[in-house]
Amino acid sequence: MTDPLIVGWAHTKFGKSEAPDTLALMAEVARPALDHAGIAPEAVDGIFTGVFNNGFSHQDFQGALVAMGTPELAGVPFLRTENACATGSAAIYAAADFIASGRGKVALVIGAEKMTATPNDRIGDILLSASFVPEEGEIPGGFAGVFGRITEHYFQRHGDRSEELAMIAAKNHENGMRNPYAHMQKAFDVGFCNTPSEKNPLVAGPLRRTDCSLVSDGAAALVLAAPEVAEGLARGIRFRARAQAGDYLALSRRDPIAFDGPRRAWRAALDQAGLAVTDLSLVETHDCFTTAEMIEYEAMGLAEPGQGWRVIREGTTRFDGALPVNPSGGLKSRGHPIGATGVSQHVMAAMQLAGDAGAMQVADARLAGVFNMGGAAVASYCSILERQK
């Protein structure tokens, strides 16, 4: 099997969108992504849609909505994926497998979510369903409460790292200032992020508002093409590696701060690529909460277990550091429309490798890592991308 190449993309601005639903959001990126790739709608062999939904909209059967908003795609076979916060990456990998197996040569992948029209208390319930509800469904604070407990476990074992979490938040907000697609384009310094206040209250356990990603609307799209198709197109970003790992849904069945699934996904991807993490030019990682980014430093191999806090303190992952992490602002600043997130991360990385990232461009970007996580380290996807042309 031969993996396809990423040959085009499109991305809405994340935030509170005037688009009424996912149908409209997906229509904003479907045709622009195909135009960017230089591929006509009639050349598309499959549509792969990632939408979490689970109550954000009464309308489901979301894969069928793409052709409703882009009639030129009517009749194209479609599939909708769901894997919690890794829903978008699940759609990408399904599309890549579709092409690699020879079933098609061109696939359109769209991730989308409309979240802001839902009342806040309902949002918490919807997101908490991505935990093991029989054991975790009554945790106060919704999914933030789950990560609040993970943070407490980390602090109990490795000391209070609130200041390092604030440094991660400040870094990602600073990076988001450079990203025209970001939900929040506003800088916050470490002092503000580290100090609970009326404007930055405690949300769950030690987590403050600045430690939590944003409830956002948005969509992102990728066009994948078989190598023989990509050969005649303007650009081609290839998967040097892609790996997926799973873990128990229930936190009670595992060490909640080990992030074993992310560790295995990273190890498999780096081994496939024949690389060390330090060979990468940048990483887009899943900072649903600042704690997640800190522990992911350990999972990707930048630090030993319990030492991830040292990575941000040493400046390694800053925009001007040895390995910039989340130069787009990450979920923390770019926003986290659930189904769109994995696709968005791959778009941000592809833009970097194509040299099209504008103010957020990392100099001499040759290899990019993308890590997308569903639930609390339950479904883990790791891609390593490089520019072929």
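Predicted model: local features only at pLDDT ≥ 70, side-chain atom pairs only at ≥ 80, totals over all residues.
View 1. Glu113 belongs to strand S4, which covers residues 106–113. Although Glu113 is buried, it has no salt bridge, and the nearest side chain of opposite charge, that of Arg80, is 6.4 Å away. Apart from neighbours within four places in sequence, the residues in contact with Glu113 include Thr22, Leu25, Val51 and Phe56, as well as Ser216, Asp217 and Gly218. Pro337, Ile338 and Gly339 are also among the contacts of Glu113.

**View 2. Ile110 in strand S4.** Ile110 is likewise placed in strand S4, and its relative accessible area of 0% means that it counts as buried. When residues up to four places away in sequence are not counted, Ile110 touches Met26, Val29 and Ala30, together with Phe48, Thr49 and Gly50. Val66, Ala220, Ala221 and Val343 are also touched by Ile110. Tyr181 stands 71 residues from Ile110 along the chain, and the C-alpha atoms of these two residues are separated by 16 Å.

**View 3. Phe98 in helix H3.** Phe98 has its place in helix H3, which is formed by residues 87–100, and with a relative accessible area of 9% it is buried. Leaving aside neighbours within four places in sequence, Phe98 is in contact with Asp45, Gly46 and Phe48, and also with Arg103, Gly104, Val106 and Ala107. Between Phe98 and Pro227 there are 13 Å from C-alpha to C-alpha, while the two residues are 129 residues apart in sequence.

**View 4. The tilted ring pair of Phe61 and Phe78.** The count of aromatic pairs in the model comes to six. In the pair of Phe61 and Phe78, the ring centres are 5.8 Å apart and the planes stand at 55 degrees, so the pair is tilted. This pair links distant parts of the chain, 17 residues apart, with Phe61 in the loop between strand S2 (46–50) and helix H2 (65–69) and Phe78 in strand S3 (residues 78–81). Phe61 is exposed, its relative accessible area being 59%, whereas Phe78 is partly exposed, with a value of 39%.

**View 5. The stacked ring pair of Phe147 and Phe289.** Here the ring centres of Phe147 and Phe289 are 4.9 Å apart and the planes are at 25 degrees, so this pair is stacked. The pair links distant parts of the chain, since Phe147 is in helix H6 (residues 142–158) and Phe289 is in the loop between strand S9 (282–284) and helix H11 (290–299), 142 residues apart. Phe147 counts as buried at 0% relative accessibility, and Phe289 is also buried, with a relative accessible area of 7%. Together with Phe143, the residues Phe147 and Phe289 form one aromatic cluster.

**View 6. Helix H14 and the glycine that follows.** Helix H14 runs over residues 341–354, and its 14 residues reach 20 Å from the first C-alpha to the last, close to the 20 Å expected at 1.5 Å a residue. Of the 14 residues of H14, 14 are buried, so the helix is largely enclosed by the rest of the structure. Just after H14, Gly355 takes a positive phi of about 75 degrees.

How values were computed. Residues numbered from 1 in each chain as written. Heavy atoms only, no water. Helix = DSSP H or I, 4+ residues; strand = E, 2+ residues; numbered from the N terminus. Expected span 1.5 Å × (residues − 1). Buried < 20%, exposed > 50% of the residue type's maximum accessible area, 1.4 Å probe, protein only. Lys, Arg positive; Asp, Glu negative; His and termini not counted. Salt bridge = Lys/Arg side-chain N within 4 Å of Asp/Glu carboxyl O. Contact = heavy atoms within 4.5 Å. Phe/Tyr/Trp six-rings, centres within 6.5 Å; stacked < 30°, edge-to-face > 60°.
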